[in-house]
Amino acid sequence: QEGPEGAAMAAEWSVLLLTCQPGGCVSAFQRELEARRLRGGLGSRPPPLLLAVEDPWARLGSGGATLNALLVAAEHLSARAGYTVVSSDVLRDAHILILHMGRDFSFDDCGRAFTCLPVEEPGAPAEALVCNLDSLLGTMTHRLCVGSPPGVWVCSTDMLLTVPSAPGIDWDGFQGVRVIAVPGSQAYARNHGVYLADEQGLVRNIIYKGTEAQIQQCAGPDGTVPLVCGVVFFSSDAAEQLLATHVIPPLDACTYMGLDSGAPPIQLSLFFDIVLCMAGGVTEEEFLKGGGDASVRSARSVLWTALRTFPLSMGERCCGRHARHDPSLGPLSLRGEKRGGQSLFLPAAAGPQVFLPHGFQPCLLEDGSSVINCLLEGAVQLAAGSVIQHCHLQGPLEIGPGCLLSGLSAGSSLALQGCPLRNLVLQGHHVRLRDLSCRVFTLTGCLDDWQATYLNVPWAEFFHRTGIREGDLWDAELPRRSCCLLNARLFPVLHTREALGLEDVLWLLAPGAAVASEQLARWRAAWRMSWQELLPCLDKAAELGARRALFFLQGQRKVRRVLLGRQDSSLLPLARSAVHEGYHEAVLGTLDEVASTAGDAGVAARALACIAEILGCMAGGEGGLRSGPAANREWAVAFGRLESGDIAGGVRELAAERQKWMSRPALLVRAARHYEGAEQILVRQAVMSSCQFVTVGQTELPPLGHWVQVACPARLDLSGGWSDTPPITYEHGGAVVDLAVLVDGCRPIGARVRRIGQPELRLVSLGGTPQGEAAVELVCQELEHLRDYCQPHAPGALLKAAFICTQVVRFPSQKPLRVQLLENFRGGFEVHTWSKLPHGSGLGTSSILAGAVMASLYRAAGKAASTESLIHAVLHLEQRLTTGGGWQDQVGGLVPGIKIGRSKAQLPLRVEVEEILVPDGFTQTLNDHLLLVYTGKTRLARNLLQDVVRNWYARLPSVVQNAHALVSNAEECAQALRQGDLLLVGKCLDRYWQQKKCMAPGCEPLAVGRMMEALRPHVYGQCLAGAGGGGFLYVLTKAPRQKEALHQILAKTEVKCGLRGIFLYIVQTPGASPPTRTEESRCHPIPTPRNSQPHAGSRATAFLPLPPVRR
C-alpha cells in the first residue's frame, strides 16, 4: 500500500520475536535477526527489540510458545519503560510480531523458516539469500498487518504464504481476536484446517481434517473454503488477558518462569487450545472435553475464563495462497492450495531458475531445474525437476531428474562422478556431538514413503542389493511395525580408524560386486545414526555459517566477473552485506587483487572506488562526510606509484596504509576519501589518453607586444549532460546537445596573450570585460611558482596549467623558467582573462575559458591547433588541474552554433562533434523563445560531481538506467532541432531536467524549484544549466520575446521564494559564425592592476568574476 506521498506503508513493530526449540541454536537465530536489521531487511524503521526466544520445553506446542514469547516481550518492554515488574500496560500501544520456528524439517537443517527460496531482491539495499522467514516478514510487515491496531500478531513459519498487496482487511472499530484465512479448494481442506464462520465473519468452529459434509458447510458462494493459514491477531485487550494467564497453573508451565519454578511441562496448541475457546459455536463442555489429559483440560478451563468474552472474527478471505510441506509426498513436495504436489523450489514458469550462483553454464541446466546459492565449476549438468542448493561442485557431473542436493562441498565432487543420481535426496549436515563437530551425509529417495521403502525401492529389495540386514538398522526389541526410515541407523557418523566421506553413503545406491563386501564391512564398523537421532544434533549455527561463507565465496567471484567483464552490475549491495556479515576483509582482498592485476586503469579505478564504498559502509554513517580532502602525506607513497603508472605497486601501498586507518569511523571515512583520490588518479590517466588527438603545428611567432585575443560565447546544454563526465563517458559512452550562445549580444568569456621582454609569466584576471580593471595579477618568475597548478583553488591555477599543458613551459624541468622562456621565445608572456558570468553560472565558464586561454597561448607562442585539438587539450588540462570535468563545456563554447558531441564507450577517449542543421529561420525562432535567468544561487558543481562519480562506480541501477536515458534523450533532442519542433525541444528539456535530478539528487534548491513552478505555465521546457544546484536557468517560452512578462512573474517569485538577485538575459545563437573570435592588435593601454604584486603563493587571492549587471 502507499501513503499520501506515494511512499510504501509498513507496519512498525515494537518487538519482533522468533521462537525456536531448545538446543543451543538461539544465539545463531538472534544473529540472523540482527543481520537483517543491519542490511535493511526489516524496513526503514526496524523494531527496537529483536529477540530470538528459546522454548522452555522441547514439546511446548504453538500455544505454549506464544504465551512464553508474549511474556518475554512484555518483560523487555516493561524494563524499557522503567518498570521493575512485568506490567501489561506496556501492551496498550505496542505492535508485537511473534514468529514460530516450528518443528524440525528433514530437508533443511535450519528449519522451514531458513529454507532458501528461488527469489532475488534486486532492489534490496544489501545483497543476501532470501529465506521463507524474509518472505513472511515482508508479507506481514508490508501487506497483511498494515493499518492494524496495537496488539500481537502470531505467525507460523511452517508455510509459504502469499497475499495481495492490499488484502482488504477492515480494522475500523476492531475488538477481540482475528484469524486470517486464505481461500482453498474443498479437496485440499480434507488434510488441513478450515474455519466455519457466520455471515458476519465471526468464527463458529475450527475443523481439522473434517468430513466432506463438515467441509461443505464451511464453503462460500464460490465453493472455496477458508483455510487456516497459521496467522492470528490478538488486540491489546485480548493480549493482556492472555498474558495474565502466565501466572495461573498449569499455564505457568508454558513459560521460562514456570520452568525456573519447577512446574511440570505442558503442551498447548495455539489454535485448538487458545483460539478455539473464543469460537462462537463451541460450548464450554465440548471445549474442555477435547483437552486430552487433566493438565490440558485444566489449562483450557483457565483460557475459557480469560478469553471467552472476546469475539473471534475471520479476516476477509484474502485472495492469497498458502502452502506447507507434507513429508508423505516426498522431500521435494509442497502441499498447497492450487499447487498439489508442486516442487518446493521449482518455478511455475518454464526455464531453469538460477539464484546467486557462480561458474554455471546455463546450457547445462534444463528447464524446470533450480540452483540456489551454489558455486558450480566446470560441466555440471542438471536435469528437469532437480534442485541444487548450498553446494560447491566441480564438474563433470550429471544430476538426473527429481534430485535434491544440499550442503555438498567441492571435495564431494569426485565421489559423485559416475553415480546414478535420479530421484534422490543427498545432503551434507553439520553435526555437533557435545564438543565434537563433524560432517554427516544422508541419502534418501525422493519417492520414499518413510515406512515401506528406502531409496525408492522396498526394504526387502534394498537388503538384497546391499547385504544389509534388519538387525543392522533397528534394535531387536523394537516392534517390527515401528521400524521405519525415520529410526533406521543408516548414516555413518564416526569411524574408529578412517575418515568418513560422501562415498560412505553413495555405495548404498548400487555397489559393485568387487567393493560391496568391503564397503559393507566399513559401513558396519562405523558408528551410525538415524534421522531421528540426527535431527537434535544438527548444528544450525555451523550450517548458517557455511551458507554465508559459500555466499561470499560466490560474492568474491562475482566481484572479479563484474569488474573484469566491465559489467553494469552494482556491487554496492554486496559490499554492504559483506560489512554487516563480517566478510569485508575477504572482499577487500579480492578488490586489491583485481585492481593490481587487471592491467587496465579503468578497471583498477572502479575497484578502488568499491574499496572506498566498503570503508564508507564500515564507518556506519559516522565519522563525517564522504567528500573531503585526500592529500594526507601518509598516502603520498601510494599516490606517487599510481601517478608513475605502477598500478600494482600503488595498490599494494594503499592496502598497507589502509590497515592503519581501520580502527574507528573517522579514520575509515578519511581512508575512503583517499581511495577516491587514488581512483581519480587512474581516471585522469585514462582521460589523458585523449592527448593523442591533440595535434599542434608551428606558425610564425607574433612580434613582441602583439596581443592575441580570443572571445567565446557561453554554452547551454540542451540534453545529455553528465554522459560526458569521466568515467561515464568512456565506460558507457556519451552524447550531449550543446548550443553556443551570446549573453545580451556579447561573448562573455575571453582571454588575450602577448609576448613580453621580461622572462616571466604575468597572469592577470580582469573584472568582467577586456577593458575592466585588473582584479589580481600574479607574476611567476620561477618554476616553483607553478607547482600548485594542480590545486584548483590556488591563485592562477588554470593559467599555470595552460602553460604546462600547451608545453610552452616544461614542468618539471632541470631548466629554470627564465632559461626556458629566453631560449624558446626570447621573453615571457602576459595573459589577461575575463568573464562577465558570475561564479557557478553553469554555463561552462571555466572549461571555455581554458579553451580561450589555450587557443590564444598557442597562437602567441607560434603554434596552431584545430578546434578538435583544443577540445581534447582542455580535457587534458582539466585532468591535470584535478577538476575532473567532462567535454561538453568546451564543445559548447568552442564549436559554432548547435551541435551534438559524442564519445564511445572505449579508450582512448575521443570526442566527435556533429553540427545539427536546423530549418531556415529556426535559429531566429530559438533566439526569440530562449531566455536565461540568473537564480542568484551559487552551485557547487564539484560536490555534485563527486556524488555522481561515486554513484556511477557503484553502478546503482537508477544511475545506469539514467545514463542510457541521457544519451537517448540527446539523440531525440538533436532530431527535434533538425525538424524545427520547438514543442518537442521543450519536452526534451523538461525530461533532461528530471534526468539531471536523478543523476545528482539535491541539484534543485527549494527556492529554484518554486521559481520553476511559477514559470511552468509559460514555457515549453526549462532546465538549470550545467550540473544544476543554482547558477543559470534557461527557459524555452511558449510565446516569443517574453523577457518583460517573465520579469514581472519572477519579481513576485523573488519575494515569495526568498531569492535575491534574479536577472534575465536575452540569449542568442551566433548561427554559423565561429563562436570564438580571434583578434591580433599591436598594443593598447593595459589596465592598471589594483593588487599588482609578484607571485606570493597562497597569499594571493583567486579571481572571482564580478556579479551580473542588472539589465
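Leucine 455 is buried, with a relative accessible area of 6%, where buried denotes under 20% relative accessible area, exposed over 50%, and partly exposed the range in between (1.4 Å probe, protein chains only). The model is a predicted one, in which local features need pLDDT of at least 70 and side-chain atom pairs count only at pLDDT 80 or more, whereas totals for chains, interfaces and linings use all residues. Residues are numbered from 1 along each chain as its sequence is written, and side-chain values use heavy atoms, with hydrogens and water left out.

Leucine 455 sits in the loop between strand E23 (453-454) and strand E24 (457-458), helices (H or I, at least four residues) and strands (E, at least two) being DSSP runs numbered from the N terminus. The phi angle of leucine 455 is near 55°, a positive value in a residue other than glycine. Arginine 826, likewise not a glycine, has a positive phi of about 60° and is placed in the loop between helix H26 (817-825) and strand E34 (828-835); with a relative accessible area of 57%, arginine 826 is exposed.

Strand E21 (residues 424-433) has nine of its ten residues buried and is therefore largely enclosed by the rest of the structure. Pairing of strands requires that DSSP find at least two bridges between them. On this criterion, strand E20 (residues 404-406) and E21 pair in the parallel sense over three bridges, with leucine 404 bridged to valine 425 of E21. Strand E22 (residues 436-445) pairs with E21 in the antiparallel sense over ten bridges, and histidine 429 has valine 440 of E22 as its bridge partner. E21 and E22 form a hairpin with two residues between them, and arginine 434 in the turn has a positive phi of about 55°.

Aspartate 472, in helix H13 (residues 470-473), counts as buried at 14% relative accessibility. When neighbours within four places in sequence are left aside, aspartate 472 is in contact (heavy atoms within 4.5 Å) with Arg489, Trp523, Arg524 and Arg528. The side chains of aspartate 472 and arginine 524 are joined by a polar contact of 3.0 Å, a term that refers to a pair of N or O atoms within 3.5 Å; within protein, one must be able to donate a hydrogen and the other to accept it, and residues adjacent in sequence count only if both atoms are side-chain atoms.

The axes of helix H20 (residues 601-619) and helix H22 (residues 647-658) come within 12 Å and cross at roughly 5°. H20 and H22 are therefore roughly parallel to each other, a description applied to angles under 35 degrees. Their contact involves Ala601, Ala604, Leu608, Ile611 and Leu615 of H20 together with Ile647, Val651, Leu654 and Arg658 of H22. In the loop between H20 and helix H21 (636-643) lies glycine 628, which is partly exposed, with a relative accessible area of 31%. Glycine 628 and arginine 673 are 45 residues apart in sequence and 6.4 Å apart in space, C-alpha to C-alpha.

Cis peptide bonds were also assigned. One joins glycine 395 and proline 396, with omega about 10°, and proline 396 lies in the loop between strand E18 (392-394) and strand E19 (397-399). Another joins proline 726 and proline 727, with omega about 5°; proline 727 is in the loop between strand E29 (714-719) and helix H24 (728-731).

Key: Axes fitted to C-alpha atoms, helices over the stretch in contact; angles between N-to-C directions. Parallel < 35°, antiparallel > 145°, perpendicular 65-115°, else oblique.
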